Structure formats: structure tokens, C-alpha cells
Amino acid sequence: MNRRNFISSTGLATAGWLSTVNSGKPTRALSKQGQVDGAGSGYDLMREVARYRKLDAHCHVNLFDGPPESNIDFADRLHIDKMVVSRPIFDGKGTPADFIRYNDLVLQAMKKYPTHFLGQFTVNPLYQKESLEEIDRRAGQGMVGLKVYTQVKISDPLFYPIVEKMIKYKMITHMHSNCQLGLGGYRMKYDTGVRPQTSIPEDFVAIATRYPEALFQYAHIGGGGDWEYACKMLAGCKNVYVDTSGSNNSGHMVDFAVQQLGIHRVFYGTDNCYYQSIGKILASNLSDEQRKMVFFDNYKNMLLKSGNHVN
Ligand SMILES: [Zn+2]
């Protein structure tokens, strides 16, 4: 298939997939044989989906999809081998009682589906002592990394002891991010519903520079922010990875991330936006070998640093 035909068929695929985002089983876009209705080119989308092993670097349980069985349902249909799951402090105060409860939910999911889930714990650095204790407890229970949200900026000194503990475990700190830039470099004034302590690319640069031995994951470049700006800002920080999750499918986003950061620092992730997160990688210009790295090998190799082996 030439490139033009390929793009027009994957374009159709994306359009079809968008109609089924997070709405349960794909009933319209895909026929029983896995062919995209109307594509008409012989491009077998589901065969292509099945060809790649997948390790989802950004997924949540007991949050957007309800109980873990919903995640498993998507994983089975889309050939997602492993999901790195967390339950961050999405709302509320995020007291120690809250984050311990969320981490318990993740642990339960891991125990119930050990072949599917790798768990990340969450903490709130405003509760310093309890957060540090929680990291030790959860690392001891087999969790593989930290997921944090908008309670405290990643560059805040409150994070220093937490990052130092994560260095000890050689585990990644996966932080929610936002990067809202507009015409003429307009910088968001936190007047658009974005919480004031949300981490922006500059915050990642600051903490990654202070702790070059730490590992960071800049969440969801497909989450609606200015991914070009984010990738350019992070290009020089070798210890910052990005995941491609999110519901936005801007053309060339995956290619641009790889071009700026190098192939080893880009993870496939969904943030529970399952269809488009696979589609944007299939629609990229990456080679077969590069796709395998983004879909699976890069995160697998990162996990090896902490002695966590994924088969
Ligand atoms: Zn998320």
C-alpha cells in the first residue's frame, strides 16, 4: 500500500474509532472480521493492532472506567498485555486516609489480575511523613512507581525527600502535566479550571536538573496541552520520559516526540483513552521496530532499572 492510501485508510480508522471512545464495545466502526467498515483497502486494522505487544504506561483503575473488569475488557479486545495502573488523588483533600484507600484499591486490582496489572502508588507531599512511609509500604508490596497529581508542583521542595526516596528504589515518578500556550506565547493564568499547583514543562526541567539520577514521566502529551512546546522543553532532560496518552490525536505528535526526545524516551500510554492511543501510534511514520519500542520495550527497559521484569 502506498503512503497516501495508508493515510486515508488510517484516517478512516481514526474517524471510526473516535465514535466509540470510552463508550463500551466498538459496535459500529469494526466489523466482526476486524475490518474497518468502508476502508475498502484490505488494510486489516485489528490484525495490525494485534501484531504489537503493548505495555500501557498510563492507565487508571477505579476512576474513569469503574471497576478493574472494565480495564480488562479493553485490554483483552485491544491486545494490551500489561497496564500500569494507578488511582491518583483526582479530587478531594487527599489526606493520608484518602491516598491509602486509593492505593489499597490498586493493590486489590493487582492481586486479582496479576498478569494484566502493574500498580503505581500515589501520595500527597503536603503530608510528608505519611507519604514517605506509604512509598516504603507500597514498594514492599510490589508496586512499581509513583503517580502524582496536582496537589503540589513536581519542582516544589516538598517533593525533594519523595524524589530522593524514589531514587533509592530506582522507580519512576509519573506526574500529571499541563502546558497551555496560546498566540504569542500566552501563558495560562490558571483561569481555565487548571489547578494552581499543576506542573508545567518548566517544573519538570527544574526537578530533573536537580536530580539527574531520578526518573520522571511527563504525563499525556495527547492530553490537550501544547505538546510541541513540552517536547522541546524536555528534549535536553535525559531522565524525563513522556507518554503519548490522552484523547487528542494531533497529526505528527508521536513522530515529533520521537524526533525531539529520541526513540527510547517515548512511552505508549492510554490514560484510559484506549482506541485513539493505539491509533495515533499506528498512524505515525515510525518504523516497525520503533513502534515495538514505544508500545512495549521502552517501558519494559525502564522497569528493569528497579529489578521489575515483565515478560
Ligand atoms: Zn491519567
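Predicted model: local features only at pLDDT ≥ 70, side-chain atom pairs only at ≥ 80, totals over all residues.
Numbering runs from 1 along each chain as its sequence is written. Helices are DSSP runs of H or I with at least four residues, strands are runs of E with at least two, and both are numbered from the N terminus.

So how do α7 and α8 sit together? Their axes come within 9 Å and cross at roughly 15°, the axes being lines fitted to C-alpha atoms over the stretch in contact, with angles from 0 to 180 degrees between N-to-C directions. That makes the pair roughly parallel, the label for angles under 35 degrees. On the α7 side, the contact uses Pro201, Glu202, Phe204 and Val205, and α8 brings Tyr229, Ala230, Met233 and Leu234; contact here is C-beta atoms, placed from the backbone, within 7 Å. Seven of these residues are nonpolar, none is polar and one is charged. Nonpolar covers Ala, Val, Leu, Ile, Met, Phe, Trp, Tyr, Cys and Pro, charged is Asp, Glu, Lys and Arg, and the others, Gly among them, are polar.

Which residues of α8 are buried? In this helix, residues 227-234, they're Trp227, Ala230, Cys231 and Leu234. Looking down the axis of α8, these fall within an arc of 95°, so they line one face; the arc is taken over directions from the axis to the C-beta atoms. They pack against α7 (201-210), β6 (215-218), β7 (240-243) and α9 (253-261).

Now the other pair. Helix α4, residues 96-112, packs with α5, residues 128-140, at about 15°, axes 11 Å apart. They're therefore roughly parallel too, and the crossing is right-handed. Pro96, Phe99, Ile100 and Asn103 of α4 meet Glu130, Glu134 and Arg138 of α5. That contact splits into three nonpolar, one polar and three charged residues.

Last one: is Lys168 buried or exposed? Lys168 belongs to α6, residues 160-169, and counts as exposed because of its 11 C-beta neighbours inside 10 Å. The cut-offs are 12 or fewer for exposed, 20 or more for buried, and partly exposed in between. C-alpha to C-alpha, Lys168 is 9.3 Å from Ser306, though they're 138 residues apart in sequence.

Definitions and conventions
Contact = placed C-beta atoms within 7 Å. Parallel < 35°, antiparallel > 145°, perpendicular 65-115°, else oblique. Left-handed = near helix turned anticlockwise from the far one by under 90°.
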